Amino acid sequence: MTLALPSLDIRADFDSGNIQVIDASDRQHVRLAIRPDTKSQHFQWFHFKVSGLIPGEVHRFVLENAGASTFSRAWQGYQAVASYDQQDWFRVPSHFDGKALHFELSSTQPDAWFAYFEPYSRTRHERLVSDALNKAGMQLLAVGRSVEGRDIPLLRLGNGQPGRRKLWFIAQQHPGEHMAEWFMEGIVERLQHSDPALAPLLAEVDLYLVPNVNPDGAFHGHLRTNAAGRDLNRAWQDADAETAPEVLFIMQQMEKYGVDLFIDVHGDEEIPHVFTAACEGNPGYTPRIAQLEQQFRDWLCEQTQDFQQVHGYGRSQPGQANLNLACNSVGETFDCLSFTLEMPFKDHDDAPNPRTGWNGARSAQLGKDVLATCIRILPQLR
Ligand code: ZN
């Protein structure tokens, strides 16, 4: 007599869920596909729950359309993440065959979650905002609205008096880059603990945080775009209320309060290192900004081994910057130090952790270290 095994139940109908089931009848070959972003062809982010796993047995999954994703080369050297409790996320053996991504789990529990990266949930986002207001001394300065009406809180530490330096951090314009909001959690965490080294300088600064610029995209499990199908980090020259209200809101707030230092926090799918991109291609780029960029990078390298200056994007030619990017647009508009900060989906190969790869906790620690470097460079900003 043959006993039928209980079938696998695969779900993604939750916050940041994304998967399509093609055929889940064979536990050795569970066929899946990633669903494209709404009104967009982009896809790469995945996140789903599997129930009915048999402890002690190896289960094998295939993302059949991985090779057609936005960053198809990024699957080389990539390991998927899994968790039994949505707290502890670990890498699982993965392999890209040029068309599909294969990964497997030798299960110890009947239920498991899989994702492209340790997800930052909307529930955790609500707690982050609450901690910022109730424990870190921040105020809710303004609330933007996404295309679908979700809140976009702008938090501020400091009283907004004239003469104070204005530091801005924004995160997760690209909604699949969940490491960006983990980074913001690190900043809020650091502000909760009085730090003799930071306190005197923090007293001179207004710190502006937008922890999640693209809540619709994050909720829907998008990689790249908002609910209108727009890549928000290509919308900084023509943001409008219908298709990019998220960017319009931040631009209006920056115009109102000013910017002396801007950091736009992202994740990079391909490059296994933390790195920055800056404003060298801006028409208004000056030796003053170049010197500030180099100083900042040198000091961040002193601060942490989870940063480096060797690997990253190619430099823009003089005057050829794409001003649709937040970093370039803000740097040009406010003549200020301005960076895109990129963290890996894979690992930071200068200081790797094979069990977790780059993850939420390391992103949060980097947020603390970057904040310290920002504070250090404050006196030189103008
Ligand atoms: Zn990005």
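A salt bridge is taken here as a side-chain nitrogen of Lys or Arg lying within 4 Å of a carboxyl oxygen of Asp or Glu. The model is predicted, with local features requiring pLDDT of at least 70 and side-chain atom pairs counting only at pLDDT 80 or more, while totals for chains, interfaces and linings use all residues. Residues are numbered from 1 along each chain as its sequence is written, and side-chain values use heavy atoms, with hydrogens and water left out.

Across the whole structure, the search returns 22 salt bridges. The tour visits some of them.

Select Asp151 and Arg145 to begin. Their closest N and O atoms are 2.5 Å apart, in a salt bridge. Asp151 is partly exposed at 37% relative accessibility, and Arg145 is also partly exposed, at 45%. For these terms, buried means under 20% relative accessible area, exposed over 50%, and partly exposed in between (1.4 Å probe, protein chains only).

Next, select Arg150 and Asp216, whose side chains form a salt bridge at 2.8 Å, N to O. This pair joins distant parts of the chain, 66 residues apart: Arg150 lies in the loop between β11 (139-145) and β12 (151-157), and Asp216 in helix α4 (residues 215-219). Helices (H or I, at least four residues) and strands (E, at least two) are DSSP runs numbered from the N terminus. Asp216 is buried, with a relative accessible area of 0%.

Finally, select Asp131 and Lys135, whose side chains meet in a salt bridge at 3.6 Å, N to O. Lys135 is exposed, with a relative accessible area of 52%.
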